[in-house]
Amino acid sequence: RSLAMGATMAAVALLFWSIVPTLNRLDPDTGTREEVLAAHVRSLMADHLTDLTSTERHTVKPWLSSRLDFAPPVEDLASEGFTLIGGRLDYLGGRPVAALVYRYRQHIINVFVWPSSNNQQASVQTWALRGYNIARFDSRGMSFWAVSDLNPEDLQKLASLLQRRPQ
């Protein structure tokens, strides 16, 4: 009886071991979600929210553009309650990316931006991960990933505003 129980447990472990990598391949964003969440948390822990502190998009955008091989869209959304704090350089997916930092009430939001391989506009996708909310979309040839402890509805609002804003 214990031999049968051991064989069953081994079979379940083998099945689990072979299925989990397949499930991760079905959702290619799994690794990116983990990376953007880690970058967000690191920026809060190390007190390194910005390399450049400015509420002026015309200051933040050229600063980032001069340090990256692309020009990230930077929006002033203060009239909607999302105040631009500044920007910084970050490193995700093996490349430098722009990190735009916004504040909504007392919540910090990191919006990571890099060129997208998909030129189509993609609808906003959202996830909850370890107490944080993540929103992702493609627009204007860029991938946007917003991360915060902000409630999902307000993070979705920010994502929708960024997606619709013309540069």
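Modeller: Asn110 sits in strand 4; helices (H or I, at least four residues) and strands (E, at least two) are DSSP runs, numbered from the N terminus. The model is a predicted one, in which local features need pLDDT of at least 70, side-chain atom pairs count only at pLDDT 80 or more, and totals for chains, interfaces and linings use all residues. Residues are numbered from 1 along each chain as its sequence is written, and side-chain values use heavy atoms, with hydrogens and water left out.

The relative accessible area of Asn110 is 0%, so Asn110 is buried. Here buried means under 20% relative accessible area, exposed means over 50%, and partly exposed lies in between (1.4 Å probe, protein chains only).

Two polar contacts involve the side chain of Asn110. One joins it to the side chain of His40 at 2.7 Å, and another joins it to the side chain of Arg88, also at 2.7 Å. A polar contact is a pair of N or O atoms within 3.5 Å; within protein, one must be able to donate a hydrogen and the other to accept it, and residues adjacent in sequence count only if both atoms are side-chain atoms. Leaving aside residues up to four places away in sequence, Asn110 touches His40, Ser43, Arg88, Ala99, Leu100, Val101, Trp145, Ala146 and Val147. Contact means heavy atoms within 4.5 Å.

Arg88 also has a charged partner. Asp90 and Arg88 form a salt bridge, with the closest N and O atoms 3.2 Å apart, and both residues are buried. A salt bridge is a side-chain nitrogen of Lys or Arg within 4 Å of a carboxyl oxygen of Asp or Glu. Asp138 and Arg136 form another, at 3.2 Å from N to O; Asp138 and Arg136 are both buried too. The count of salt bridges comes to six.

Glu75 pairs with Arg140, the closest N and O atoms being 3.2 Å apart. Glu75 is in the loop between helix 3 and strand 2 and Arg140 in the loop between strand 6 and strand 7, so the pair ties together parts that are 65 residues apart in sequence. Glu75 is buried, at 4% relative accessible area, whereas Arg140 is partly exposed, at 31%. Arg140 has a phi near 55°, a positive value in a residue other than glycine.

Two strands pair if DSSP finds at least two bridges between them. Strand 2 (residues 82-92) and strand 3 (residues 95-104) pair in the antiparallel sense over 10 bridges, and the bridge partner of Leu84 in strand 3 is Tyr102.

At the strand 5 side, five bridges join strand 5 to strand 6 in an antiparallel run, and Ala128 has Asn133 as its bridge partner in strand 6. The hairpin of strand 5 and strand 6 has two residues between the strands, and Arg130 there takes a positive phi near 50°. Arg130 is not a glycine, and it counts as exposed at 57% relative accessibility.

Ser139, in strand 6, is buried at 2% relative accessible area, and its side chain reaches the backbone oxygen of Gln163 at 3.3 Å.

For the protein as a whole, there are four helices and seven strands, in the pattern α-α-β-α-β-β-β-β-β-β-α along the sequence. Of its 167 residues, 41% count as buried. Among contacts with a separation of 6 or more, 59% are between residues 24 or more positions apart.
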